[in-house]
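Thank you for letting me take a few minutes of the meeting. Please keep the structure in view while I talk, and look up each residue as I name it.

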Amino acid sequence: MLRRIIPFFIGISFIIAGIVFMVVLPKKAESKIERCTADTVGTVAECVERYDDDGTTYDLTIEYKVNGKSYTEIANQGENRDIGYEYQIHYNPDDPNDCIIDGVTATPKTLRIFGLAIMIIGIVV
């Protein structure tokens, strides 16, 4: 009996996680897109390489300016970027700390696809 219950609960957990990725997180991302209507360019100021069981990742410190004031965002990236590499930044004019980094921040579509994949795994399990 226990051999059937454990896969059932694992499957349910994956299905719930898939729903979160397909519904909740994309809505938050869409809300952020609606808020972040102004644009600027940010540059990589620092790139720190990290190693773990999943491989190598890079923590990028991206700096950008809004109305002469500097802002910093830390982004986790799967690939190395040179100091000075430029990213398009979309920021909230009312709160420039609230930003989206093109090519780094997950899009609603990406979150939905990931959620669907997790749900399929949950159904198969």
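Let me begin with a word that I will need several times: a residue is called buried when its relative accessible area is under 20%, exposed when that area is over 50%, and partly exposed in between. What you see is a predicted model, and I ask you to keep that in mind throughout.

With that cut-off, Arg 81, which has a relative accessible area of 18%, is buried. Its partner in a salt bridge is Glu 79, with the closest N and O atoms 2.9 Å apart, and Glu 79 is partly exposed at 40%. Arg 81 also lies over the face of Tyr 85, at 4.3 Å from the ring centre.

How many salt bridges are there by the rule used here? The count comes to five. One of them joins Arg 35 and Asp 98, whose closest N and O atoms are 2.7 Å apart, and this pair links distant parts of the chain, since Arg 35 sits in helix H1 and Asp 98 in strand E5, 63 residues apart. Asp 98 is buried, with a relative accessible area of 11%, whereas Arg 35 is partly exposed at 35%. Another salt bridge is formed by the side chains of Asp 59 and Arg 50, at 2.8 Å from N to O.

Let me turn to the aromatic rings, where the count comes to four pairs. In one of them, the ring centres of Phe 21 and Phe 114 are 4.8 Å apart and the planes stand at 75 degrees, so the pair is edge-to-face. Phe 21 belongs to helix H1 and Phe 114 to helix H2, so the pair ties together parts that are 93 residues apart in sequence. A further pair, Tyr 64 and Tyr 71, is stacked, with 5.6 Å from centre to centre and 20 degrees between the planes. Tyr 64 is buried, at 2% relative accessibility, and Tyr 71 is buried too, at 10%.

Finally, the largest pocket has a volume of about 270 Å³. It is lined by 15 residues, and those closest to its centre are Ala 29, Lys 32, Ile 100, Thr 105 and Ala 106. Which element supplies the largest share of this lining? That is H1, with five residues, while H1, strand E5 and H2 each give at least two.

Conventions. Residues are numbered from 1 along each chain as its sequence is written. This is a predicted model: local features need pLDDT of at least 70, side-chain atom pairs count only at pLDDT 80 or more; totals for chains, interfaces and linings use all residues. Side-chain values use heavy atoms; hydrogens and water are left out. Rings of Phe, Tyr and Trp (its six-membered ring) pair if their centres lie within 6.5 Å; planes under 30 degrees apart count as stacked, over 60 as edge-to-face and the rest as tilted. Helices (H or I, at least four residues) and strands (E, at least two) are DSSP runs, numbered from the N terminus. Buried means under 20% relative accessible area, exposed over 50%, partly exposed in between (1.4 Å probe, protein chains only). A charge sits over a ring if NZ of Lys or CZ of Arg is within 6 Å of the ring centre and within 35 degrees of the ring normal. On a 1 Å grid over the protein atoms alone, a cavity is a set of points where a 1.4 Å probe fits but cannot get out, and a pocket is an open set with protein on both sides within 12 Å along at least five of seven lines; lining residues have an atom within 4 Å of a point. Grid points are joined across faces, edges and corners, and a volume is the space filled by probe spheres set on the points. A salt bridge is a side-chain nitrogen of Lys or Arg within 4 Å of a carboxyl oxygen of Asp or Glu.
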